[in-house]
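Thank you all for coming; I would like to walk you through one structure this morning, going from a sheet to a helix pair and then to a few side chains. Please have the sequence and the model open while I talk.

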Amino acid sequence: MHPRVSATTLACFACLAGLLAAPAAAQGVRKPATSLTPMLSNASGLAAPAPAAATTAAPQRARSETADYIVAVVNSEPITRHELDFRVDRMRQQMQAAGSKAPPSDVLTREVLERSIMEKVQLQQAEQGGIKVDELSVNQAVATVAQQNNVSQEAMNRRLAADGISLEQFRTQLRTQLLLQRLRERAVASTVKVSENDIDEHLRKQQQSTGTAGAAASAEVNLANILIAVPENASSETVAKRELRAQSVAQRARAGEDFAKLAKEFSDAPDAAQGGNMGLMPQDRYPELFLNATAKLADGATTDPVRSGAGFHVLKVIERANSSESGTSIVQSRARHILLRASSDLPEAAAAARLTEYRERIEAGLATFETLAREHSQDASAAQGGDLGWSSPGRYVPEFEQALDTLKPGEISLPVVSRFGVHLIQLVERRTAKLSVREEREVARETVRQKKLEEAYTEWARDQRARAYVEYRDVPQ
């Protein structure tokens, strides 16, 4: 599979970064993105979404032991103490499970409150825009999380219950993440354009950094990151204190202390439990800020603190490598699909039921995939029996690609919901191939597009936060 940066790692690079993708064609061609939902590891080690602010019930302990009251009002909608306490408790548990040292209680509470405010602002925007997430999409998301963790849904439910999260709460969290994902797509995806000059500049930089004219992904780097988080709208005094802490960490690392231990002790990043190690991956998967800061460093060297929207980063170059000298070999997939578009006459659940019937007919030998695609698919590929041709990793929207990645040649997926409708997917075959010059430019185009999308979303989120009416009341310490 194409290497990807996790959503939780992206959150360290830019505030509230998330999935960004733009509709392109009926089959859902798009830039490689992160996993279906932004994930955080909980105490059991099961990947699960960050807790939702406005919809997750507060713990019974908080309800029974303390009186509830409003701590902030966002556009006339309140955030209560119980909601905030729940999120703070969950965040502290997650940090402890990851081996990361939690900041002081008052600092953590204010940071979580700011995240809650930002999330509530965006949920309000989604509601005003009529964006909704149906039960079928949530069911698919639940199945995807279980699959990504290599457990059955029943085993996943038991792990969640052991961590104090009910299935209803988990589904609510997933629904919130899907809702925010769709909001991001609608808000910024259509505003980003990539010119041929942008692609030329990207490839030129890649060639300079690698010393080759190969594909953009040929140079790989492994960086370790220690994040000293800075809350949004922090005072100058708070910023100065965080910067001093980052400088102290950087000095200790350069003096020979183990970087991984420092990361586990000081880093606020989700990868702190791994010693801040982000893994060997194509360098265009890292933020440009990180690449610029480490460009002239030798393996094993550590940077001075680097400022981002999330806080101060101390970076260490673990290793660099070139994956190939001329071109990039990738695994490509050839697939076909049947697409049914949801409508008032054909809700998503009904479309999924119809596709399930098609699947059963194909597997029973009563019909062929190609014939049913020609007769029923509402996609331009119908005339070709649903054949989508060869595709490189990252071509399709996340839901489609994740389902495709799990298939073996000849296998047919269960119905898959995407923003384009409901799909039935069959993997025809896979092959290893080298990118042509044209394909290299397409990879570069989508890489540049993704970076621009992330930048655009960050600006959009900040603008929405600035426009919102927020009244702070009595914040618990």
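Before I count anything, let me say that two strands pair if DSSP finds at least two bridges between them, and that helices (H or I, at least four residues) and strands (E, at least two) are DSSP runs, numbered from the N terminus. What you see is a predicted model, in which local features need pLDDT of at least 70 and side-chain atom pairs count only at pLDDT 80 or more, while totals for chains, interfaces and linings use all residues. Residues are numbered from 1 along each chain as its sequence is written, and side-chain values use heavy atoms, with hydrogens and water left out.

As an overview, the protein chain holds 15 helices and 13 strands. Of its 477 residues, 52% count as buried, where buried means under 20% relative accessible area, exposed over 50% and partly exposed in between, with a 1.4 Å probe and protein chains only. Taking contact to mean heavy atoms within 4.5 Å, and looking at contacts between residues at least 6 apart in sequence, 74% join residues at least 24 apart.

Now to the sheet. Which order do its strands take? The open sheet has 4 strands, ordered S10-S9-S12-S11, and their pairing is antiparallel. Strand S10 (387–391) and strand S11 (416–418) are the edges, each having a single partner strand, so one side of each lacks a neighbour in the sheet. From one strand to the next, the twist averages 40°.

Strand S9 (residues 329–340) and strand S12 (residues 421–434) run antiparallel and are joined by 12 bridges. Ile330 has Ala433 of S12 as its bridge partner, and Ile338 stands opposite Leu424, also in S12. S11 and S12 pair in the antiparallel sense over 3 bridges, with Val417 bridged to Val422 in S12, and a hairpin of 2 residues joins S11 to S12.

Helix H12 (residues 348–363) lies across S9, S11 and S12, at about 55° to S12; for such values, axes are lines fitted to C-alpha atoms, for helices over the stretch in contact, and angles run from 0 to 180 degrees between N-to-C directions.

Elsewhere, helix H4 (residues 105–128) packs against helix H15 (residues 437–467) at an angle of about 95°, with their axes 10 Å apart. H4 and H15 are therefore roughly perpendicular to each other, the range for that word being 65 to 115 degrees, with under 35 counted as roughly parallel, over 145 as roughly antiparallel and the rest as oblique. Among the residues that meet there are Glu114, Ile117 and Met118 in H4, and Tyr457 and Trp460 in H15.

Rings of Phe, Tyr and Trp (its six-membered ring) pair if their centres lie within 6.5 Å, planes under 30 degrees apart being stacked, over 60 edge-to-face and the rest tilted. By this rule there are 2 aromatic pairs. The rings of Tyr396 and Phe400 have centres 4.6 Å apart and planes at 45°, so this pair is tilted, and both Tyr396 and Phe400 are buried.

A charge sits over a ring if NZ of Lys or CZ of Arg is within 6 Å of the ring centre and within 35 degrees of the ring normal. Arg431 lies over the face of Trp390, 4.0 Å from the ring centre, and the charged end of Arg307 sits over the ring of Phe312, 4.9 Å from its centre.
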